[in-house]
Amino acid sequence: RGRRALPEREKPRGTHRVLNPGCGLGRLTWEIAKLGFESQGNEFSYFMLLCSNIIINHLGKEEVTIYPYIDQVTNQINFESQSRPIKIPNTDPFKIMDARPDNVNYSIGAGDFMEVYRDTPNHWDAIASCFSVRHCQKLILQYLT
């Protein structure tokens, strides 16, 4: 469904630059780069940046087991559901990124969005986010104007 919004292939996807503010662990940023676009995430949280670095640069497929629901008691059917393990990452970041088209850049910029990108509003072709940006409309509008 979302692929319909991708630009036509009149020019290589790697020439389109996509910015992903508040990228967290960088999964959306990574998926955009995997599709062949130049992709840069932005994250303020040191903890997110640290975890992202470990997952993307140091782990192979399903190398670590986590229990993300263990401390959540709402919306759990039973204890087995609450204590189910998740293996991360669910894909091999090295294989996939090695298979991307040449000259496709993928990176994550650390810091406050308005500080880091203050002087680059015309550099980006699109802003992508996997969360609602309604609460920061002023920020995005200020950036785009």
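Is Gly14 buried, partly exposed or exposed? I began my notes with this residue. The model is a predicted one. Gly14 has a relative accessibility of 21%, so it counts as partly exposed; the cut-off for buried is under 20%.

**Entry: around Gly14**

I placed Gly14 in the segment before E1. Next I looked for what Gly14 touches, leaving out residues up to four places away in sequence. I found Gly36, Phe37, Glu38 and Val104. I also checked Asn105. Gly14 and Asn105 are 91 residues apart in sequence, yet their C-alpha atoms are 7.7 Å apart in space.

**Entry: the whole chain**

I then stepped back. I counted 6 helices and 6 strands in the protein. From the N terminus, the elements run β-α-β-α-β-α-β-α-β-α-β-α. The protein has 145 residues, and buried ones make up 32% of them. I looked at contacts between residues at least 6 apart in sequence. Of these, 63% join residues at least 24 apart.

**Entry: the sheet**

In what order do the strands of the open sheet stand? I read E5-E2-E1-E6, 4 strands with parallel pairing. E5 (106–110) and E6 (126–127) stand at the edges. Each has a single partner strand, so one side of each is left without a neighbour in the sheet. As a reminder to myself: strands of a sheet pair through backbone hydrogen bonds, either parallel or antiparallel.

I took the pairs one at a time. E1 and E2 pair in the parallel sense over 5 bridges. Pro21 has Asn42 of E2 as its bridge partner. Arg17 stands opposite Glu38 in E2. On to the pair of E1 (residues 17–21) with E6. These two strands are also parallel, over 2 bridges. Leu19 has Ile127 of E6 as its bridge partner.

**Entry: how enclosed are E1 and E2?**

I checked burial in E1. There, 4 of the 5 residues are buried, so E1 is largely enclosed by the rest of the structure. In E2, 6 of the 6 residues are buried, so E2 too is largely enclosed.

Which way do the residues of E2 point? Glu38, Gln40 and Asn42 point one way from E2. Ser39, Gly41 and Glu43 point the other way. All of them are buried. I noted the general rule beside this: in a regular strand the side chains alternate between the two faces of the sheet.

**Entry: helices on the sheet**

I followed H1 next. H1 lies across E1, E2 (38–43) and E5. It runs at about 175° to E2. H2 packs on the sheet as well, touching E2 and E5. The direction of H2 makes about 160° with that of E5.

**Entry: the second largest pocket**

I looked up its volume, which is about 230 Å³. Which residues line this pocket? I listed Leu25, Gly26, Arg27, Trp30, Ile55, Ile56, Ile88, Pro89, Asn90, Thr91 and Pro93. By class, the lining has 7 nonpolar, 3 polar and 1 charged residues. H1 (27–34) and H2 (46–58) each supply at least two residues of this lining.

**Entry: a cis bond in the lining**

Two of the lining residues, Ile88 and Pro89, made me stop. A cis peptide bond joins Ile88 and Pro89, with omega at about -20°. Pro89 lies in the loop between E4 (86–88) and H4 (93–98).

**Entry: positive phi**

I kept one rule in mind here: most residues other than glycine have a negative phi, and most peptide bonds are trans. Then I looked at residues with a positive value.

Glu62 has a phi near 55°, a positive value in a residue other than glycine. I found Glu62 in the loop between H2 and E3 (64–66). It is partly exposed, with a relative accessible area of 39%.

Asn75 has a phi near 60°, again positive in a residue other than glycine. Asn75 sits in the loop between E3 and H3 (79–82). Is Asn75 buried or exposed? At 78% relative accessibility, it counts as exposed.

How values were computed
Residues are numbered from 1 along each chain as its sequence is written. This is a predicted model: local features need pLDDT of at least 70, side-chain atom pairs count only at pLDDT 80 or more; totals for chains, interfaces and linings use all residues. Side-chain values use heavy atoms; hydrogens and water are left out. On a 1 Å grid over the protein atoms alone, a cavity is a set of points where a 1.4 Å probe fits but cannot get out, and a pocket is an open set with protein on both sides within 12 Å along at least five of seven lines; lining residues have an atom within 4 Å of a point. Grid points are joined across faces, edges and corners, and a volume is the space filled by probe spheres set on the points. Ala, Val, Leu, Ile, Met, Phe, Trp, Tyr, Cys and Pro count as nonpolar, Asp, Glu, Lys and Arg as charged, and the others, Gly among them, as polar. Two strands pair if DSSP finds at least two bridges between them. Contact means heavy atoms within 4.5 Å. Axes are lines fitted to C-alpha atoms, for helices over the stretch in contact, and angles run from 0 to 180 degrees between N-to-C directions. Buried means under 20% relative accessible area, exposed over 50%, partly exposed in between (1.4 Å probe, protein chains only).
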